[in-house]
Amino acid sequence: MHPTDRLRPAVAHALWHLVLAGASLAMAFPMLWSLLTSFKGPQDVFSPSPLPWPATLDNYAAVLSSWPVGMLVGNTFIMSAGVAAGQLVIAVLAGFALVVLAPRMRPAVLSACTIALAVPPQAIIIPQFLLTTRLGWQNSELGLIVPQLGTSALAVLLLVEHVAAVPAAQIEAAALQGARPIETLWHVVLPAIRPAILAVGILVFITTWNEYLWPLLIAPRSHDATVQIGLAQFQGEGGTDYGALMAASVLTSLPIVVVYIIASRRIIDSFIKAGLRP
């Protein structure tokens with residue numbers, strides 16, 4: 001083999017990793033910039049140097065002393081966890097029904113879910129708001145959580161494929177042993193798709209954590225606000241306190257970062273395995 005033939009795969013491999021490194025840096029740059037800015041004083045926020053020198057913790061001290069971090073994070077966690085749990089219940093039941101109980105309905109329902117993904121949530125936010133207000137759910141956890149369960153189309157699409165990947169022989173064996181559908185779901189399907197459930201739950205949790213418009217409409221009171229609404233408090237008539245804003249953003253991002261770090265391997269593995277299954 002000619003030396004250049006052996007060198008070409010190595011060069012291509014190195015170039016591919018450079019491309020991936022560049023893409024990763026581009027995606028991480030806003031977060032890195034926010035982190036560095038959070039350690040800058042007011043006079044250094046717009047300085048050409050990205051490094052915070054001299055570094056200061058004044059922004060974090062100001063945020064922790066004057067901003068209700070605990071309340072906002074708690075409200076957002078309740079909303080995100082409730083939406084994630086509700087969408088997972090809907091998606092698991094829909095996936096089991098479409099794969100095991102009513103497979104003939106599967107193409108039509110999946111087509112409807114695909115079409116639903118193309119509809120922007122803002123298109124239905126007015127009827128959702130009117131219905132939620134008439135039910136008396138404004139400024140409540142029900143108002144924050146229940147209407148967002150209508151955006152379960154992506155969770156259904158993802159979990160249907162994982163339920164379909166469960167070997168049919170296992171489901172048939174459970175039926176032959178007299179197991180009811182709910183028992184088959186609990187003892188056969190759920191253990192097989194547990195990593196996928198965790199992955200989809202984390203994705204829904206993160207998406208809901210970043211929701212801004214719906215909490216702004218349905219829970220405008222300060223003690224019902226979520227972190228995205230609370231971050232807007234740093235923008236006033238006198239301008240934006242960017243140092244404090246970045247510090248608050250870093251603090252409110254920590255729960256998401258911790259959750260993703262803990263579950264990242266399972267998230268990646270679940271989607272890789274789903275692609276490898278026959």
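**Entry 1: Phe 205**

I started with the neighbours of Phe 205, which touches Phe 77, Ser 80, Ala 81, Ala 84 and Ile 256, leaving aside residues up to four places away in sequence; contact here means heavy atoms within 4.5 Å. Before going on, I noted that this is a predicted model, where local features need pLDDT of at least 70, side-chain atom pairs count only at pLDDT 80 or more, and totals for chains, interfaces and linings use all residues. Residues are numbered from 1 along each chain as its sequence is written, and side-chain values use heavy atoms, with hydrogens and water left out.

Phe 205 lies in helix α10; helices (H or I, at least four residues) are DSSP runs, numbered from the N terminus. I looked up its relative accessible area and found 8%, so Phe 205 is buried (buried is under 20% relative accessible area, exposed over 50%, partly exposed in between, with a 1.4 Å probe and protein chains only). I also checked Ala 81: its C-alpha atom and that of Phe 205 are separated by 6.2 Å, though the two residues are 124 residues apart along the chain.

**Entry 2: aromatic rings**

How many aromatic pairs does a search of the whole structure find? I got 4, where rings of Phe, Tyr and Trp (its six-membered ring) pair if their centres lie within 6.5 Å, and planes under 30 degrees apart count as stacked, over 60 as edge-to-face and the rest as tilted.

One of them joins Phe 39 and Tyr 60: the centres are 5.3 Å apart and the planes at 40 degrees, so I logged the pair as tilted. Phe 39 is in the loop between α1 (3-37) and α2 (58-66) while Tyr 60 is in helix α2, so the pair ties together parts 21 residues apart in sequence. Phe 39 counts as partly exposed at 24% relative accessibility, whereas Tyr 60 is buried at 11%.

Phe 205 came back in my next look-up: with Trp 209 it forms a tilted pair, 5.8 Å centre to centre and 35 degrees between the planes. These two residues are 4 apart in helix α10, which means about one helical turn between them. Trp 209 is buried, as is Phe 205. Ring pairs also bring in Phe 77, giving a cluster of Phe 77, Phe 205 and Trp 209.

I noted a charge over a ring too: Lys 40 lies over the face of Trp 33, at 5.4 Å from the ring centre (the cut-offs are NZ of Lys or CZ of Arg within 6 Å of the ring centre and within 35 degrees of the ring normal).

I checked helix lengths next. The 12 residues of α9 (residues 181-192) should span 16 Å at 1.5 Å a residue, and the end C-alpha atoms are 15 Å apart, which agrees. The expected span is 1.5 Å times one less than the number of residues.

In α9 the buried residues are Thr 184, Leu 185, Val 188, Val 189 and Leu 190. Their cover includes α3 (69-101), α7 (153-164), α8 (168-176) and α10 (194-209).

Which residues of α9 and α10 meet? I found Leu 190, Pro 191 and Ala 192 in α9 against Arg 194, Pro 195 and Ile 197 in α10.

Last, I looked at Asn 139, which has a positive phi of about 55 degrees although it is not a glycine. Asn 139 sits in the loop between α5 (125-134) and α6 (141-145). For context, most residues other than glycine have a negative phi.
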